[in-house]
Amino acid sequence: AVVAAYVMITSFTLPLLIQEWNLSNIFASTIASSTFIGMFIGTLSAGIISDYFGRKKSAMFLLFMGSFFSVLSGFIGSPTLFIIFRILSGIGFGGSMPVLNAYLTEFLNVSIRGKYLVYLESSWAIGSIFIAIIHMFIARNFTWRLDYIFLGAGFIPFLLLFTVPESPKYLLIREKKEEFEKLFNYNIQEKITLPKKEKVTINALFKKGYLVRSLNILLLWFTMSFGYYGIFVWVKGILAQKGVDLVLTDWYTFYMFLAQLPGYLLAAYLIEKIGRRKSVLLFALGTAISFVIFASVSSNILVLIFSLVVSIFCMGEWGLTYAYTPELYPTSMRGTANGVSGALTRFSGFIAPFYTSYFLERGNINIGLIGIAILFMLTGILNFTFLPETMKKEVD
């Protein structure tokens, strides 16, 4: 939730930063993209770190780092220094996401794993709604700096992690038998066959047996990030270009954040009913179609309705992506797979604001939206065709 608040804060504050510091659209896009530079570094390194040093310790360190530098961002008076602090906080928050995803995966029973991983990702909607409420009802009446100070909420999960144990699968794969027995009161020698210990490398994701699934799941992550940040970072500019009154753009953005939650909940229901592959295809096609319709409508009421539909399908697909990915890899590779996937997501998020601003500056944002729709459609079909079904299958 806090990571979502960290990312989506840009949707509300970017116009205010442009006004206060008299920024060009290019420099403003750089501020938006700096978020993803940090998250790219964080996600790429955090997966490998968590595979070596543990899920719990890695998550705690990264959450603290993200929260600390986010709060400091609220006191910055220079756009250049602001970018630096956004990168540093992005390393922390970006790295915490794949670590926590792998952490939860290794605690869950096969019968509920997919559903609860989507529930974990649904916290993104909660975080988006949280920062929207902070901005709409508190910060907007005073200063945008309060938005960033409230990101200190990240210290709450940091403290809560003190109360939970390390991942049992991680302890076993790292052969930490004594710690496992102490935490879980379980005699390993008598009852458990230790999983095979393997050397973790990024190259392993692209070796025989994993190449096709890695390429397809990375495409899914790229598409999800490109579509989501392509619309949400510049959502107020998109709405304004479609004729929505400037005062209403804040409220429309708020409603779009609210619509994210039912998207996650629908995905959590369907993932255990019809499986991963069918759900991914359904939400990808739903996102593509809703993008096309959103691009074609012009009246305020239709713009609002289909902006909500876009949010529902797009965020449902996000939840599925986070639940599906860790099920495709064994424990020894899971953190690395999540980290590489997350890193690609941040790269995609980095270029997405520039893509959207290109079409905004030329007054033809609808063409840009249709381009995103085509990408979703192709990704959904390819994933359905080439990825295996993992519903009710135990992870290694």
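**Overall size.** I started with the radius of gyration of this predicted model. A compact globule of 396 residues would come out near 21 Å, and the protein chain has 21 Å, so the two agree. I then looked up the extent of the C-alpha trace, which spans about 70 × 45 × 35 Å along its principal axes.

**Fold and packing.** I went through the secondary structure and got 17 helices and zero strands. Buried residues account for 56% of the chain. I also checked contacts between residues at least 6 apart in sequence: 81% of them join residues at least 24 apart.

**Surface and charge.** The chain exposes about 15800 Å², with carbon and sulfur atoms supplying 69% of that. I have 31 positive and 21 negative side chains on my list, and the centres of the two sets sit 4 Å apart.

**Salt bridges.** I found five in the structure. One of them pairs Arg145 with Glu20, closest N and O atoms 3.4 Å apart. Glu20 counts as partly exposed because its relative accessibility is 44%.

**A network.** Which residues are linked with Asp250 in a network of salt bridges? I noted Arg140 and Lys236. Arg140 meets Asp250 at 3.3 Å, N to O; Arg140 is in the loop between helix 5 and helix 6, Asp250 in helix 13, 110 residues apart. The Lys236 bridge to Asp250 has its closest N and O atoms 2.9 Å apart. Lys236 is in helix 12, so this pair ties together parts 14 residues apart in sequence.

Asp250 is buried at 8% relative accessible area, Lys236 is buried at 13%, and Arg140 is partly exposed at 37%.

Methods: Residues numbered from 1 in each chain as written. Predicted model: local features only at pLDDT ≥ 70, side-chain atom pairs only at ≥ 80, totals over all residues. Heavy atoms only, no water. Helix = DSSP H or I, 4+ residues; strand = E, 2+ residues; numbered from the N terminus. Rg over C-alpha atoms; globule rule 2.2 N^0.38 Å. Buried < 20%, exposed > 50% of the residue type's maximum accessible area, 1.4 Å probe, protein only. Contact = heavy atoms within 4.5 Å. Areas by Shrake-Rupley, 256 points an atom, 1.4 Å probe, with all protein chains shown as cover. Lys, Arg positive; Asp, Glu negative; His and termini not counted. Charge placed at Lys NZ, Arg CZ, Asp CG, Glu CD. Salt bridge = Lys/Arg side-chain N within 4 Å of Asp/Glu carboxyl O.
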